Amino acid sequence: MPRAKNTMNRIRLATLLAVSLAAGIRGNAQIYDANGDYAQTFAGSGLAGYHDGVGQETKFDNPQQMVADSSGNLFVYDFVNYRIRKITPDGTVSTFAGSGYNDPFPGSATGSVGGMAIDQDNTIWMTALPYVLYRITSNALVTAITVPLPRPQGVCVDSLGNVYLSDWTSNNIYRCSASGALTLFAGSGGAGYTNGNGIFTAFNLPMAMTADTVGNIYVWDSGNELIRKIDQSQNVTTYAGHYPFAGVSDGSSSTAGFFDINAMCFDTFGNLILACNTSVRQVTAAMNVNTLAGSFYNSGNSNGIGSVALFDGAIGVAVAARTIYIADADNNVIRSITNNFTSPAIVPASLQLGTNAGLTITGGVNQTYQIQSSPDLSNWTNQAIIVLTSGSSLWVDPTPTSGNKFYRTVSVP
């Protein structure tokens with residue numbers, strides 16, 4: 001079959017860029033994270049195909065959504081291969097679920113997988129068009145749950161194990177039971193932008209979702225180009241983004257601009273990490289937006305720091321052991337982003353190193369001892385004579401030590 005793409009996102013991206021450029025709006029310059037975030041290839045050769053193995057000796061074909069379990073293993077939906085691939089922390093790739101074309105993921109035949117999430121029991125949840133929510137247990141048992149949503153998109157799981165779905169058709173956010181029964185959580189059913197509570201709110205084409213550790217739900221409200229937040233009392237607020245959209249940009253969370261967020265997740269520091277097609281961005285815990293790697297407008301395939309790194313379809317994102325992993329779909333690889341932050345060196349004027357040896361001499365009270373030193377344990381030099389006024393005493397060599405220097409004590413009659 002012909003190779004499928006994430007067509008809807010690409011069309012929307014091209015449209016947004018065309019509108020922005022026509023209006024003379026390109027947003028502000030990107031602000032790159034200052035911590036030396038380095039992007040490199042973690043798994044995949046870059047050649048489209050299907051091959052298990054280790055690291056860059058493996059092959060993927062359009063890898064998309066991904067999650068990480070409690071042991072740091074990655075699970076990647078490998079779209080054209082119709083499989084979920086597992087990657088261990090050492091880069092070993094194996095097939096976790098699926099046996100090839102249209103099995104057991106029939107929704108994937110239309111290129112319709114919307115989102116992927118994992119709960120505290122390491123059960124994976126994955127949406128697919130139409131009307132499907134997959135439940136994949138830690139032992140790879142796949143169950144297709146029918147949900148009454150023709151276009152389920154994002155999925156996330158809160159700290160209590162509740163599953164949430166976003167739906168394009170209704171513009172609503174739902175809480176979903178294990179049997180597929182839905183409870184309206186937020187949204188009025190009409191496309192719009194309204195903050196408030198529960199049904200007295202409005203979204204416009206809600207897509208990617210994630211949850212934080214205290215149960216707040218975050219939604220990429222794609223039609224409004226905003227990240228929305230829903231707490232457990234169903235209060236909806238704008239978490240990040242500018243309305244109306246005025247171009248993609250970094251900056252404060254209230255002035256930054258976003259487009260095409262394909263997936264979101266939190267890292268261990270409370271930063272919201274965003275996979276944005278040609279870049280990887282974050283909303284920091286301090287509510288600032290910057291770019292970890294990649295470019296707003298340029299796609300490609302290269303490793304490096306900041307703008308040197310290029311992506312072509314950053315669709316999935318997961319965090320394990322403080323490393324960010326990205327499913328780079330059109331490059332057919334899984335990339336890792338590690339923080340290479342180096343603490344600034346202390347200048348010599350502010351740093352004093354103790355180079356004088358300190359010795360604790362233990363012996364008899366009122367006993368006299370001679371302290372001797374040697375560079376080679378053969379030739380000894382007298383350093384000092386001390387009288388113990390208690391059972392032990394600290395003596396510090398007044399001459400700074402360099403190289404090897406050995407010490408001994410000799411009792412003096």
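**Exercise 1. Determine which strand holds Leu-165 and whether Leu-165 is buried or exposed.**

Leu-165 belongs to strand β12, which spans residues 163-167, a strand being a DSSP run of E with at least two residues, numbered from the N terminus. The model is predicted, so local features need pLDDT of at least 70 and side-chain atom pairs count only at pLDDT 80 or more, whereas totals for chains, interfaces and linings use all residues. Residues are numbered from 1 along each chain as its sequence is written, and side-chain values use heavy atoms, with hydrogens and water left out.

The relative accessibility of Leu-165 is 0%, so Leu-165 counts as buried (under 20% relative accessible area, with exposed over 50% and partly exposed in between, for a 1.4 Å probe and protein chains only). Setting aside residues up to four places away in sequence, Leu-165 touches several residues, among them Val-147, Leu-149, Ile-173 and Met-209, where contact means heavy atoms within 4.5 Å.

**Exercise 2. Work out the strand order of the five-stranded open sheet and which strands stand at its edges.**

The order is β2-β6-β5-β4-β3, with antiparallel pairing; two strands pair if DSSP finds at least two bridges between them. Because β2 (53-54) and β3 (63-68) each have a single partner strand, one side of each is left without a neighbour in the sheet.

**Exercise 3. Describe how β5 is paired on either side.**

Strand β4 (residues 74-78) pairs with β5 over five bridges, and Tyr-77 stands opposite Ile-84. Strand β5 (residues 83-87) pairs with β6 (residues 92-97) over four bridges, where Ala-97 is the bridge partner of Ile-84. Four of the five residues of β5 are buried, so β5 is largely enclosed by the rest of the structure.
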